[in-house]
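Please keep the structure open while reading.

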Amino acid sequence: MTIYKSKSFLAPLSGINDPAFRLLCSELGAGLTYTELISIHGILHHKDNIRSFIEYSDNEKPRAIQLFGSDIEKTVQAAEIVEKHFDIIDFNLGCPSPKITEQNAGAALLKKPEHVKKLLSKLVKAVDKPVSIKVRAGIDNKSCFLFKNIAKIAEESGVSMIALHARTLKQGYSGKANWEWIKELKESVSIPVIGNGDVNTPEDAEKMIKETGCDYVMIGRASIGNPFIFKQCNDYFKNGKYEVLNDKKKIDYFFKYLEYAKEFDVSFSKIKVHAMWRTKGMIGGAGLRREISQVKNLDELKKIFHKLY
Ligand SMILES: Cc1cc2nc3c(=O)[nH]c(=O)nc-3n(C[C@H](O)[C@H](O)[C@H](O)COP(=O)(O)O)c2cc1C
């Protein structure tokens, strides 16, 4: 059985969840970290050098890999290749991006329960590690309860845990996540449920658990600007209070990220994206983001942050 470090998990975030960021979040108390979504075809293509294709630190524990695809045999093969490196194999049934849904993967699979049943049953049987899934509620308002059928199928297939981003595919990121759906999911399955959508503070995390009965919360966008949120949640759950970071401390954590990013050779363009997110909510943030958008290398980027303190 996987032992999670805490109740708040780092969401899979494409373009953000490089190994340096995941390690930082894990060290700051994320109960479980996820890679960004990774193509099963990419894994098969890189099967002979998988550790350099999907990097991680042994200190990032426990860790999940998120796979996306549609082909059953290839999904199983990809999972078999990566399973020894991860504690959980997660399968994506929620990505709304047309690049993914056009391949009949991600949220498009919500409309294909028979296919999902075959895929998940085979996947669970093929690997020793627990299999989890992450879903959206449905395609649009009319089909917003597709998750219920998929969750039932997943549970019957031996899936160990299910995360629900409580929005439909059509919603994208607009509107508010409907936590009522998370409650309905929790009431309809007996496997652990991870609630996801619009948890921006430790108070939100506690509220989601109280209102929906979910076992864990998954935090996405709020963690990009503030990976410290995992420690804040853990402290809040334990003691009812948490430290609010001043800008100086936020910058210190960004430098910690840069240290790890060097270790893993994270590309400068990805580092810049992180730098942008980190300035959200900081004094003079908009001006800083303008400056960051102009920098050409790491030294120039560091100078912007150094000159603040
Ligand atoms: C930049 C970005 C990249 C994302 N990439 C993925 C991904 O690779 N796999 C996935 O299942 N969801 C992905 N998501 C969705 C998040 O995991 C999460 O479900 C969503 O952001 C809602 O949670 P939040 O309100 O805490 O941000 C992504 C979201 C964002 C903003």
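The points below take up helices, their packing, and a few backbone details.

1. Basis of the model. This is a predicted model, in which local features need pLDDT of at least 70 and side-chain atom pairs count only at pLDDT 80 or more, while totals for chains, interfaces and linings use all residues. Residues are numbered from 1 along each chain as its sequence is written. Helices (H or I, at least four residues) and strands (E, at least two) are DSSP runs, numbered from the N terminus.

2. Helix α12, length and end. This helix covers residues 247-263, which is 17 residues. From its first C-alpha to its last it reaches 25 Å, close to the 24 Å expected at 1.5 Å a residue; the expected span is 1.5 Å times one less than the number of residues. Aspartate 265 follows α12 and has a positive phi, near 55°.

3. Lys250, Phe254, Tyr257 and Ala261 are buried in α12. Here a residue is buried if 20 or more other C-beta atoms lie within 10 Å of its own, exposed if 12 or fewer, and partly exposed in between, with C-beta atoms placed from the backbone. Seen down the axis of α12, the buried residues fall within an arc of 55°, so they line one face of the helix; the arc is that of the directions from the helix axis to the C-beta atoms. Lys248, Phe255, Glu259 and Lys262 are exposed on the other side of α12. The cover over the buried residues includes α1 (19-27), α13 (268-278) and α15 (298-306).

4. Helix α6. The 14 residues of α6 should span 20 Å at 1.5 Å a residue, and the end C-alpha atoms are 20 Å apart, which agrees. Val116, Leu119, Leu120, Leu123 and Val124 are buried in α6. Seen down the axis of α6, these buried residues fall within an arc of 120°, so they line one face of the helix. On the other side of α6, Glu114 and Lys125 are exposed. Among the elements covering the buried residues of α6 are α4 (72-82), β4 (88-93), β5 (131-136) and α7.

5. α6 against α7. The axes of α6 and α7 (residues 146-157) come within 9 Å and cross at roughly 30°. Axes are lines fitted to C-alpha atoms, for helices over the stretch in contact, and angles run from 0 to 180 degrees between N-to-C directions. That angle makes α6 roughly parallel to α7: angles under 35 degrees count as roughly parallel, over 145 as roughly antiparallel, 65 to 115 as roughly perpendicular and the rest as oblique. The contact is made by Pro113, Val116, Lys117, Leu120, Ser121 and Val124 of α6 and by Asn149, Ile150, Ile153, Ala154 and Ser157 of α7. Two residues are in contact if their C-beta atoms, placed from the backbone, lie within 7 Å.

6. α8 against α9. Helix α8 (residues 179-188) and helix α9 (residues 202-212) have axes that come within 9 Å and cross at roughly 50°. That makes α8 oblique to α9. Trp179, Ile182, Lys183 and Lys186 of α8 make the contact with Met208, Glu211 and Thr212 of α9.

7. α9 against α11. With axes 9 Å apart, α9 and α11 (residues 229-239) pack at an angle of about 60°. That makes α9 oblique to α11. The contact is made by Pro202, Ala205 and Glu206 of α9 and by Gln232, Cys233, Tyr236 and Phe237 of α11.

8. Backbone details. Most residues other than glycine have a negative phi, and most peptide bonds are trans. Lysine 61 and proline 62 are joined by a cis peptide bond, with omega about -20°. Proline 62 lies in the loop between α3 (50-53) and β3 (63-68). Asparagine 104 has a positive phi, near 60°, and is found in the loop between α5 (98-101) and α6 (113-126). Asparagine 104 counts as partly exposed, with 14 C-beta neighbours inside 10 Å. Aspartate 265 sits in the loop between α12 and α13 and is exposed, with 11 other C-beta atoms within 10 Å.

9. Glycine 287. This residue is in helix α14 (residues 285-294). Glycine 287 counts as exposed, with 11 C-beta neighbours inside 10 Å. The C-alpha atoms of glycine 287 and cysteine 95 are separated by 33 Å, and the two are 192 residues apart along the chain.
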